[in-house]
Amino acid sequence: MLKRTFAALALGSALFAGQALAADYVIDKEGQHAFVNFKISHLGYSWLYGTFKDFDGSFSFDAAQPEASKVQVSLQTASVDTNHAERDKHLRSDDFLNVAKHPTATFESTSVKSTGEGSADIHGNLTLNGVTKPVVIAAKFIGEGDDPWGGYRAGFEGSTTLRLKDFDISMDLGPASQTVDLIISVEGVRQ
Amino acid sequence: MQWRNTLRDYGLVSILLHWLIAVAVFGLFGLGLWMVGLDYYSAWYRKAPDLHKGIGVLLFMLMLLRLVWKLFNPRPAPLQNHGSAVRLFTRLGHGLLYLGLFAVMASGYLISTAKGRPVEVFGWFEVPALVTSIPRQADVAGLLHEYLAWALVILAVLHALAALKHHFIDRDATLKRMLGRH
């Protein structure tokens with residue numbers, strides 16, 4: 001009896017410990033410490049940067065068990081912003097993001113593979129313009145710790161390269177601009 | 001022909017404004033439809049929208065001039081053979097054409113200036129952005145611009161057909177008056 005209780009307790013605490021370590025974080029949208037940016041070559045001569053202003057997401061993370069981490073982000077494609085009204089309107093049209101038909105893009109991780117100290121490949125499914133494809137985000141752990149206001153935070157930056165054609169983006173911007181780099185920089189507040 | 005309108009005829013200024021604006025409206029409509037389908041590497045990809053916006057602003061100034069000119073000139077009286085229904089439809093149609101023109105131009109202006117950038121007119125001058133806070137401004141204004149432009153051009157075609165009907169069927173002076181040959 002006592003033995004069984006002890007075993008159950010030990011098992012329970014082991015499970016509990018595993019879960020307690022992988023804490024849940026919500027991306028800090030409120031304080032705007034999170035960015036979903038992209039860059040694409042303009043004619044091969046310069047980088048054009050843009051951002052998605054409206055997104056949300058959460059992740060679970062444990063520095064001791066990085067491969068148990070999970071992340072999910074969803075963003076409103078209509079919030080694309082490259083600081084140019086006509087270009088942004090064009091980006092929202094069916095030449096690019098087709099936001100009327102596909103207002104939301106999502107990323108959901110499926111597995112995380114550690115690639116070294118503080119870095120990992122986040123495998124997951126990206127849904128963009130109605131197309132779901134597996135992508136790998138090369139992520140770097142930036143830091144974690146107490147914040148000055150009584151909370152606890154952890155931050156990452158990751159990037160991946162997407163082929164526009166893979167996501168049915170029909171506009172041809174020329175040979176140097178077939179791919180776009182997605183750069184995600186987020187800080188999460190522990191729940 | 002005189003510069004100013006009389007109670008009987010349109011003057012040279014009114015006639016020139018009418019035809020210039022007619023050419024600009026159909027030209028801008030065609031240019032607008034064509035330019036949104038251009039390939040990114042087309043030589044016209046940047047030039048065509050610049051032309052469209054520049055001519056659009058000049059058209060707006062012509063329309064203001066036209067309104068002022070209208071205000072300070074007599075309005076030629078309706079032709080004798082036009083009954084009260086024709087007169088009513090004429091007033092209504094002309095009113096809608098004016099309204100449509102300003103609505104198309106305003107919506108176009110709201111697209112380009114949605115993020116605070118001015119509209120550049122051939123490097124001569126800029127029209128500053130005054131309204132930037134309408135939700136989804138560029139998209140909403142863009143849709144309006146397209147639909148209103150179609151409505152305006154359809155209305156202008158009806159206007160032209162009406163003038164031809166007066167000329168060839170009623171055989172009255174409606175069209176001749178606008179050609180300065182009354």
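Predicted model: local features only at pLDDT ≥ 70, side-chain atom pairs only at ≥ 80, totals over all residues.
Me: Let's start with the fold. What pattern does chain A follow along the sequence?
Reply: Listing helices and strands in order is a handy way in. Chain A runs α-β-β-β-β-β-β-α-β-β-β-β-β, which comes to two helices and eleven strands.

Me: And how far apart in sequence are the residues that its contacts join?
Reply: For that, set aside the local contacts first. Among contacts in chain A between residues at least 6 apart in sequence, 52% join residues at least 24 apart.

Me: What share of chain A is buried?
Reply: Of its 191 residues, 25% are buried.

Me: Which residues have the most contacts inside the largest nonpolar core?
Reply: Leu75(A) and Ile122(A), in a core of 34 residues. Leaving out residues up to four places away in sequence, Ile122(A) touches Val71(A), Ser109(A), Val112(A), Val136(A), Ile137(A), Ala139(A) and Gly158(A). Apart from that core lies another one, of 15 residues, and its members include Ala85(A), Met105(B), Leu110(B) and Leu148(B).

Me: Now the end of the chain. Is Gln191(A) buried or exposed?
Reply: Count the neighbours. Gln191(A) has 11 other C-beta atoms within 10 Å, and 12 or fewer counts as exposed, so exposed it is. You'll find Gln191(A) in the segment after strand E11 (179–190) of chain A. Beyond residues up to four places away in sequence, Gln191(A) touches Asp24(A), Tyr25(A) and Val26(A). By contrast, Lys165(A) sits 26 residues from Gln191(A) along the chain, with 38 Å between their C-alpha atoms.

Me: Over to chain B. How do the axes of H2(B) and H3(B) cross?
Reply: Look at the approach, the angle and the hand. The axes of helix H2 (residues 44–71) and H3(B) come within 10 Å and cross at roughly 140°. Antiparallel would need an angle over 145, so H2(B) is oblique to H3(B). The crossing is left-handed. On the H2(B) side, the contact is made by Lys53(B), Gly56(B), Leu59(B), Phe60(B) and Met63(B), while H3(B) brings Leu101(B), Phe102(B), Met105(B), Gly108(B) and Ser112(B). By class, that's six nonpolar, three polar and one charged.

Me: Last one: how many residues of each chain are in contact across the interface?
Reply: Interface size is often quoted as the accessible area lost when the parts come together. Here we have a residue count: ten residues of chain B are in contact with eleven of chain A. On the chain B side, helices H3 (84–112) and H4 (137–168) each supply at least two residues, and H4(B) gives the largest share, three residues. That side divides into five nonpolar, two polar and three charged residues.

Methods: Residues numbered from 1 in each chain as written. Chains lettered and ligands numbered in written order. Contact = placed C-beta atoms within 7 Å. Helix = DSSP H or I, 4+ residues; strand = E, 2+ residues; numbered from the N terminus. Nonpolar A, V, L, I, M, F, W, Y, C, P; charged D, E, K, R; others polar. Core = buried A, V, L, I, M, F, W, Y, C linked by C-beta atoms within 7 Å. Buried ≥ 20, exposed ≤ 12 C-beta atoms within 10 Å, placed from the backbone. Axes fitted to C-alpha atoms, helices over the stretch in contact; angles between N-to-C directions. Parallel < 35°, antiparallel > 145°, perpendicular 65-115°, else oblique. Left-handed = near helix turned anticlockwise from the far one by under 90°.
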